[in-house]
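I opened this notebook to record what I looked up in one model, starting with charged pairs and ending with pockets.

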Amino acid sequence: TMVDEFSRAALTGAGSTLAQPLIAAWSRDYTHQRLGGTAMPPPTGGLDDDMGARTLDYEAIGSAAGVQRLRLRAVDFAITEMPLAPDALRQHGWLQVPLVLSGVALAANLPGLGSAPLTLSGPVLAAVYGGEITHWSDARIARLNPGLALPNAPIQVLHRSDGSGTTYVFTAYLGAASASWSERVGSAMSVPWPVGTGQRGTSGMARAIART
């Protein structure tokens, strides 16, 4: 049930940090239309509009935490990149719908390469995140990047520390690319990463990559 726009938030949700910027933009656009298309100043309060009227209160706390809040009926909806099993949907009386089409990208902060593209394959990435490839100068990386001057420096692996739908998508890809990864680690919103340092949320990952 929608409530008056000058009361509390009409909808509450939680989950994916990857989807948060798009959810915020949708909320602002919806409020803009409800105000009759009146020009609105840049947002300063997250998902709050300029009148303090919250149409949507969305907490980007990670997919696993979002689903847990939905299970506790603390929010109206949750967003996760990991499809939920039909049995779980039936058990809770939930409806699951596609919402956002997005891509998972890897970023490497490797000074000295300039604008030269860095090529990494699925099996090589699985070996990096599995702890088998530890240096940028490894022959398996060099073969994919002929002519690129790769430093003999250790690879500092970063990954999500919170339960993340992005982690599920990425580890499912690694499992499809590497039988070893599939057997040793598997795919889920939270996995026992063989190596690396955990960071919370998409923004936490971006900040960590910038300083590593």
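Which side chain meets that of Asp-87 in a salt bridge? I found that the partner is Arg-90, at 2.3 Å from N to O, where a salt bridge is a side-chain nitrogen of Lys or Arg within 4 Å of a carboxyl oxygen of Asp or Glu.

Before going on, I noted that this is a predicted model, in which local features need pLDDT of at least 70 and side-chain atom pairs count only at pLDDT 80 or more, whereas totals for chains, interfaces and linings use all residues. Residues are numbered from 1 along each chain as its sequence is written, and side-chain values use heavy atoms, with hydrogens and water left out.

**Salt bridges**

I looked up the total and found that the structure holds five salt bridges. Returning to the pair above, I placed both Asp-87 and Arg-90 in helix H3 (residues 86–92), three residues apart, which is about one turn of the helix; helices (H or I, at least four residues) and strands (E, at least two) are DSSP runs, numbered from the N terminus. Asp-87 is exposed at a relative accessible area of 54%, and Arg-90 is exposed at 61%, given that buried means under 20% relative accessible area, exposed over 50% and partly exposed in between, with a 1.4 Å probe and protein chains only.

Next I checked Glu-59 and Arg-69, whose side chains meet in a salt bridge at 2.4 Å, N to O. This pair links distant parts of the chain, since Glu-59 is in strand E2 (residues 56–60) and Arg-69 in helix H2, 10 residues apart. Glu-59 counts as partly exposed at 33% relative accessibility, and Arg-69 counts as partly exposed at 30%.

I then turned to Arg-184, which forms a salt bridge with Glu-132, the closest N and O atoms being 3.5 Å apart. Arg-184 lies in helix H7 (residues 179–184) and Glu-132 in the loop between H4 and helix H5 (139–144), so the pair ties together parts that are 52 residues apart in sequence. Arg-184 is partly exposed at 48%, and Glu-132 is partly exposed at 43%.

**A backbone angle**

I noted that Arg-73, although not a glycine, has a positive phi of about 60 degrees. Arg-73 is found in the loop between helix H2 (63–71) and strand E3 (77–79), and counts as exposed at 77% relative accessibility.

**Pockets**

For the term itself I wrote down that, on a 1 Å grid over the protein atoms alone, a pocket is an open set of points where a 1.4 Å probe fits, with protein on both sides within 12 Å along at least five of seven lines, and that lining residues have an atom within 4 Å of a point.

The largest pocket has a volume of about 950 Å³, a volume being the space filled by probe spheres set on the points. Its lining has 34 residues, of which Ala-78, Ile-79, Thr-80, Val-97 and Leu-99 lie nearest the centre. H1 gives the largest share of that lining, four residues.

The second largest pocket holds about 800 Å³ of space. Of the 33 residues lining the second largest pocket, the closest to its centre are Ala-107, Tyr-129, Leu-158, Met-205 and Ile-209. H8 gives the most to this lining, with four residues.
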